[in-house]
Amino acid sequence: MLKKLLFTSLLLLGSVAVFAADGEKNEVKKNALVVYVGPHFSMASISGGGINPSAKISFTAGLAYERNFYGDFGVVGGLEFTEKGTNDFLFVDGRTDDYSLQYLQLNLAVKYSKEFWGMKGFGQAGPYIAYGVGGKCKINGYELQGGTFDEFTNQVSGGAGFKKFDAGIRVAIGVEFYNVRITAGYQRGFVNIADENLISNKYRNQGLFVTAGYAFKF
């Protein structure tokens, strides 16, 4: 009787171990660390006083952490280096400026994903906060020394520059196949970042981006 009980117990424990191992193997991984890089087509939204005819082509590179919940929803937080600005910003008096604004940017978003055709499609939307760390500024063909933001305000008569803080909204859609991701999106700043001595009207960042990345899931 004791031998039968012991044998039954061992068999039961073995069955539980097999089912547990199979469950762990098939368990959906909820976390991901995503590394990405890609081009950024930056423009500006200006309330009068100038024309921005062409986008500045630069790049974006970053690292994002994702937490997926039960179902199709999740949250995303990440930090990236990105360059924004304009090419050939034409003022009404004929002056042309080129701005290269480099930022460290914190992105937060809600994510929704769905399986289709053997791939995973997803969408993201949320706010961003950016801090200016450098760049270049060319005013009417003259390149200012010292950067693009507040550091060079004393190098132009009357002072000029951009405010270091920017904030806005960022939306994106993408696909994932074998952890490789292609993402395309749009971001729009809500903050007027221009010093009035540089641009008398409001200047807000905006742009399109495309990135390729890889998701390390755990």
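Where is the place of threonine 60: in which strand? Hello everyone, let's start there. Threonine 60 sits in strand β3. A word of caution before going on: this is a predicted model, so please hear everything that follows as computed from that prediction.

Is threonine 60 buried or exposed? Its relative accessibility is 3%, and because buried means under 20%, threonine 60 counts as buried. Its side chain has a polar partner: the side chain of threonine 82, with the contact at 3.0 Å. If we set aside neighbours within four places in sequence, threonine 60 touches Tyr36, Val37, Gly38, His40, Glu80, Phe81 and Thr82. Please keep Tyr36 in mind, as that residue will come back.

Now let's step back to the whole chain. What do we find in it? One helix and ten strands. Walking along the sequence, the pattern is α-β-β-β-β-β-β-β-β-β-β. The chain has 218 residues, and 39% of them are buried. Taking contacts between residues at least 6 apart in sequence, 63% join residues at least 24 apart. The accessible surface is about 12400 Å², with 66% of that belonging to carbon and sulfur atoms.

On to the empty space. Rolling a probe the size of a water molecule over the atoms shows where such space is left. How many cavities of 30 Å³ or more are there? The count is one. The lining has 23 residues, and the closest to the centre are Tyr36, Ala64, Val76, Gln124 and Arg170. The largest share, five residues, comes from β6. By class, this lining has twelve nonpolar, eight polar and three charged residues.

Then there is the largest pocket, with about 560 Å³ of space. This one is lined by 25 residues, and Val28, Lys29, Asn68, Lys120 and Lys217 lie nearest its centre. Which strand gives the most to the lining of the pocket? That is β5, with four residues. Strands β3 (56-68), β5 (96-116), β6 (119-139) and β8 (165-177) each supply at least two. The pocket lining divides into 13 charged, seven nonpolar and five polar residues.

Key:
Residues numbered from 1 in each chain as written. Predicted model: local features only at pLDDT ≥ 70, side-chain atom pairs only at ≥ 80, totals over all residues. Heavy atoms only, no water. 1 Å grid on protein atoms, 1.4 Å probe; cavity = no way out; pocket = protein on both sides within 12 Å on 5 of 7 lines; lining within 4 Å. Points joined across faces, edges and corners; volume = space filled by probe spheres on them. Nonpolar A, V, L, I, M, F, W, Y, C, P; charged D, E, K, R; others polar. Buried < 20%, exposed > 50% of the residue type's maximum accessible area, 1.4 Å probe, protein only. Contact = heavy atoms within 4.5 Å. Areas by Shrake-Rupley, 256 points an atom, 1.4 Å probe, with all protein chains shown as cover. Polar contact = N/O pair within 3.5 Å; in protein donor to acceptor, adjacent residues only side chain to side chain.
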